[in-house]
Structure formats: structure tokens, C-alpha cells
Amino acid sequence: MSTWSLDALFKGYDDPHYTSTLSHIESTLKEARIWLEKHPHSSSLEALKEGLALSRTLRKELLLVGAFVNLSLATNTTDEASLKAMQTVQGLQAAATPFMTGFHHFVASLDNLQTLLNDPDVAAYTYFLTSLQDRARYQLSDVEETLLAKLTQTGSSAWSRLQGELTSTLEVPFRKEQRNLSDIRNLAHDADPQIRKEAYEAELSAYRSVERAVASSLNAIKGEVLTVTQMRGYDSPLAQAVHQSRMEPATLEALIQAMQEALPQFRRYLKRKAALLGHAEGLPWYDLFAPIGQSSTTFTPASAMAYVIKQFKTFSDDLAALATRAYEEAWIDFYPKSGKRGGAFCSNLHPIQQSRILTNFEGSFSNLITLAHELGHAYHGDRIFKEDILNASYTMPVAETASTLCETIVKKAAIQDAANDDEKIFLLEQSIMGSTQVIVDILSRYTFENAVFDARKK
């Protein structure tokens with residue numbers, strides 16, 4: 001029950017269902033090429049319906065094979081079969097680009113779209129189609145979009161895979177044994193101050209063996225983004241991100257200003273934490289996640305899931321049922337291991353109406369909250385699955401709503417269930433620490449990202 005199963009997608013690369021899906025994608029691409037030859041300048045209802053049907057099929061089947069390969073690599077970044085399959089899948093994605101771009105240009109050129117939306121079959125895609133028209137001004141030509149899709153395979157996608165492989169397989173010497181990076185990073189929460197400090201120093205020392213390659217990866221990816229955003233006509237990568245998040249620049253500015261105005265309160269907390277831990281010159285990085293107060297509570301995957309499900313039920317039977325299903329149907333990969341990527345994520349798999357969750361679980365309260373957070377994403381996915389696959393995309397600000405709600409449910413319950421004042425202080429401080437991550441850490445990343453782009457231009 002501690003590793004996920006991908007059998008609902010495919011049972012392997014030799015699964016007949018996998019090979020038949022690849023074959024069906026190729027035959028659909030042939031149909032798509034015929035559509036492009038027949039309807040480049042059409043504005044008929046028939047052409048629109050055919051284009052929508054092809055778009056649905058390609059999105060569904062490319063998502064199926066793409067998810068299988070990416071999820072396989074997430075838990076084993078060096079798997080040869082998956083790396084080979086990735087090349088095949090990326091080739092199919094690139095081959096689909098001419099149709100996707102052509103269909104987008106087709107929709108953008110429809111002067112009679114409002115009339116066509118009177119058809120009930122088309123009306124179901126109103127938002128999808130109007131979004132395509134909105135994005136059209138940033139769309140490149142069919143030839144350029146196809147070339148970019150192909151170059152990305154040996155550009156940013158390749159650099160990203162390199163970074164992922166280097167960090168997921170990095171061995172960190174620690175106290176006469178080799179530990180993986182996720183194990184070492186989890187020690188930042190250890191109750192022993194000496195372990196926290198040694199783990200931090202071991203982590204930094206280990207990075208020296210990969211720092212040039214990782215920095216080169218970042219440099220190359222950001223260079224590609226700058227080139228492509230300029231080609232598309234965005235003022236900056238940030239302008240593209242805001243537009244794709246369906247936000248107004250003024251909204252982002254208001255959020256950043258509110259975060260900046262809150263910084264003095266977070267600094268008070270960090271200085272107080274430093275004093276409690278005996279640091280006169282501010283809080284060292286290795287004690288950022290140091291526990292304050294005491295809690296003897298640790299979790300196994302089973303006990304963590306039982307607690308989360310119990311608390312979710314206080315909010316909604318549907319939410320609790322979704323979490324139960326995620327555990328019983330092996331949607332979650334819990335433990336860290338060599339070759340497994342760090343952090344945590346949830347992948348919503350619309351074609352099979354399921355999600356998959358990756359964590360690097362070691363039994364801490366922080367791990368419990370991460371689990372609740374990712375299950376929130378899975379619940380959001382479950383709501384989205386009721387929509388057609390072409391209507392199922394959503395932005396990051398929307399995505400984080402359900403996850404934050406689920407965190408809050410579990411945090412509040414844990415504080416109420418605290419065995420004593422020491423444990424309550426521990427849980428309250430963990431909650432404040434989480435908020436500090438969301439505000440101070442994310443704001444610092446925003447500042448860093450802007451600085452990287454500015455420097456990369458030069």
C-alpha cells in the first residue's frame with residue numbers, strides 16, 4: 001500500500017493496450033492531417049465539430065501515454081525503458097502540433113463563432129473555444145509552432161530531465177552511510193539540532209558535484225523561455241505567466257504588495273524562533289524547520305491516511321470517500337528512494353478519472369499536511385473529471401484552493417487533538433512555519449526568478 005500502481009493506465013510498455021493506443025494516436029494524426037488539408041479556411045459547423053472530435057481524441061490519448069511515461073520516470077528517473085518511451089511520446093506530441101496549431105488558427109479566424117455556438121454540441125465547448133480566440137494573438141505560425149515543439153525535446157525538456165536525474169540520484173554521505181537527497185532534506189525537521197546542522201552541511205557539500213550541470217540546466221531553460229516569449233509577443237515571461245493564469249497584472253501586484261506588507265510579522269516570528277533555539281544573530285537556515293515544543297506523534301502511511309480521512313469526513317463525505325479510494329486503489333507513492341524525484345505532487349488523470357500522488361513520506365506532521373494538501377488536488381481533479389477533457393484545464397491559483405482547504409481541515413483538527421500544551425505549541429508553530437513558506441519563501445522565489453530572467457537577458 002506504500003507504492004502506487006499505474007495499471008489503470010497501462011500494465012507496462014509491452015501491454016497490448018499501450019501499443020494499440022500508440023497506433024491509434026498515429027492513425028488519428030493521419031486524420032488530423034487530412035482535416036488540415038480540407039478545412040484551413042473553412043468556417044462550417046461540420047469542420048468545427050470534426051476539429052473538436054480530433055482534439056478530444058488526441059488530448060485524451062496523448063495524456064494517457066504521456067502520464068504513464070512521466071509517472072514511471074518520477075519514481076525511477078534512470079529507467080531505460082521509460083526514457084526510450086519518452087522519446088516516442090514526445091515525437092507524437094510534436095507530430096500533433098501542426099494540427100493543434102492549425103485548429104487554434106481555425107477557431108481564431110471564425111467570425112461566425114457566436115452563431116456556431118447555437119449548436120448544442122458546440123455550445124458545450126464555449127469556454128474552450130473563446131479561450132482559443134483569446135490566446136490566438138500569441139500563437140505562432142504552424143511551421144514555427146511545429147519547429148518549437150521539436151526543438152523543445154532537445155532543449156528545455158532535455159535540460160529538465162537532466163536536472164531531475166542528477167538530483168534524484170544524488171548520493172549524500174551522512175554519518176558513514178549514503179542517503180538520498182529527499183532523506184537528507186527530511187532531516188531538517190529532526191528534533192536533534194546537531195543532526196539538522198550536519199544534514200544541511202552534507203546537503204550543500206553534495207550539491208558541489210552537480211552544481212554546474214544544474215546551473216547550466218536552469219540557464220538553458222530560462223534562455224529558451226526568453227526567446228519563445230519574445231517571439232510570441234509577450235512583454236516578458238512574467239506577462240505570459242499572468243496571462244496563462246487568467247489574471248490581471250493588477251491582481252498579481254496587489255498580491256505581491258500584501259505579501260511584502262506582511263513581512264515584518266514573519267520576521268518577528270523568525271527572530272523569536274531564533275531566540276528560542278539559542279541563536280543571537282538570527283535564524284540559521286538549517287534551523288528554519290526546527291520543531292518548537294514537543295510531539296511524540298509519528299505516522300505510518302496507514303495511520304496518516306486514517307487520520308486524514310477521519311478529518312475530511314467532518315467536512316464532506318465525498319472528500320473522505322475520495323481519500324479512502326486514493327489509498328485503497330494505490331494512487332499514492334509514499335516513501336523516498338534513490339532515483340525518485342523529490343518533493344510532492346498530484347497528477348490528475350482525466351481519461352481514467354483517477355489521480356496519482358507522489359510524496360517523500362517519513363512520518364512527520366509536515367508529511368501529514370503534505371498528504372492532505374495533495375489529496376486536496378485529487379479531490380479537485382475528481383470535481384473536474386465531470387467536465388469534458390477539453391474543458392478540464394485550470395490555473396494554478398484555482399488549483400491551490402482545494403489543497404489549502406484540506407491542509408486547514410487537518411491542521412485545525414490536529415491542534416484540537418493535541419495531547420498537551422507542548423504538542424499544541426509544536427503544531428501551532430508548524431502551522432506558522434507553513435504560512436512562512438507560502439509567503440516568505442515563495443516571495444523570495446518570485447524575486448529570484450525575476451532576477452534570473454533579467455540577468456539571463458545579458
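User: Let us start with His380. Which helix is it found in?

Analyst: This is a predicted model. In it, His380 is part of helix α16.

User: Is His380 buried or exposed?

Analyst: His380 is buried, as its relative accessible area is 11%, and the cut-off for a buried residue is under 20%.

User: Which residues is His380 in contact with, leaving aside neighbours within four places in sequence?

Analyst: With those neighbours set aside, His380 has contacts with Tyr394, Val398, Ala399 and Ala402.

User: Now the charged residues. How many salt bridges does a search of the whole structure find?

Analyst: The search finds 21 salt bridges.

User: What does Asp318 form a salt bridge with?

Analyst: The partner of Asp318 is Arg383, and their closest N and O atoms are 3.9 Å apart. Asp318 lies in helix α15 (residues 317–328) and Arg383 in helix α16 (residues 365–384), so this pair ties together parts that are 65 residues apart in sequence.

User: And how accessible are Asp318 and Arg383?

Analyst: Asp318 has a relative accessible area of 45% and is partly exposed. Arg383 is also partly exposed, at 31% relative accessibility.

User: Which other residue meets Arg383 in a salt bridge?

Analyst: Asp382 does, with an N to O distance of 2.7 Å. Asp382 is buried, its relative accessible area being 15%.

User: Let us change topic to helix α10. How many residues does it have, and how far does it reach?

Analyst: Helix α10 (residues 193–207) has 15 residues. From its first C-alpha to its last it reaches 22 Å, close to the 21 Å expected at 1.5 Å a residue.

User: Which residues of α10 are buried?

Analyst: The buried residues in α10 are Ile195, Arg196, Ala199, Ala202, Glu203 and Ala206. They cover an arc of only 135° around the axis, so they lie on the same side of α10.

User: What covers those buried residues of α10?

Analyst: The covering elements include β1 (171–174) and α9 (181–186).

User: One last point: which residue caps the N-terminal end of α10?

Analyst: Asp192 caps that end of α10. One of the side-chain oxygens of Asp192 lies 2.8 Å from the backbone nitrogen of Gln194.

How values were computed
Residues are numbered from 1 along each chain as its sequence is written. This is a predicted model: local features need pLDDT of at least 70, side-chain atom pairs count only at pLDDT 80 or more; totals for chains, interfaces and linings use all residues. Side-chain values use heavy atoms; hydrogens and water are left out. A salt bridge is a side-chain nitrogen of Lys or Arg within 4 Å of a carboxyl oxygen of Asp or Glu. Helices (H or I, at least four residues) and strands (E, at least two) are DSSP runs, numbered from the N terminus. Buried means under 20% relative accessible area, exposed over 50%, partly exposed in between (1.4 Å probe, protein chains only). The expected span of a helix is 1.5 Å times one less than its number of residues. The arc is that of the directions from the helix axis to the C-beta atoms. Contact means heavy atoms within 4.5 Å. A polar contact is a pair of N or O atoms within 3.5 Å; within protein, one must be able to donate a hydrogen and the other to accept it, and residues adjacent in sequence count only if both atoms are side-chain atoms.
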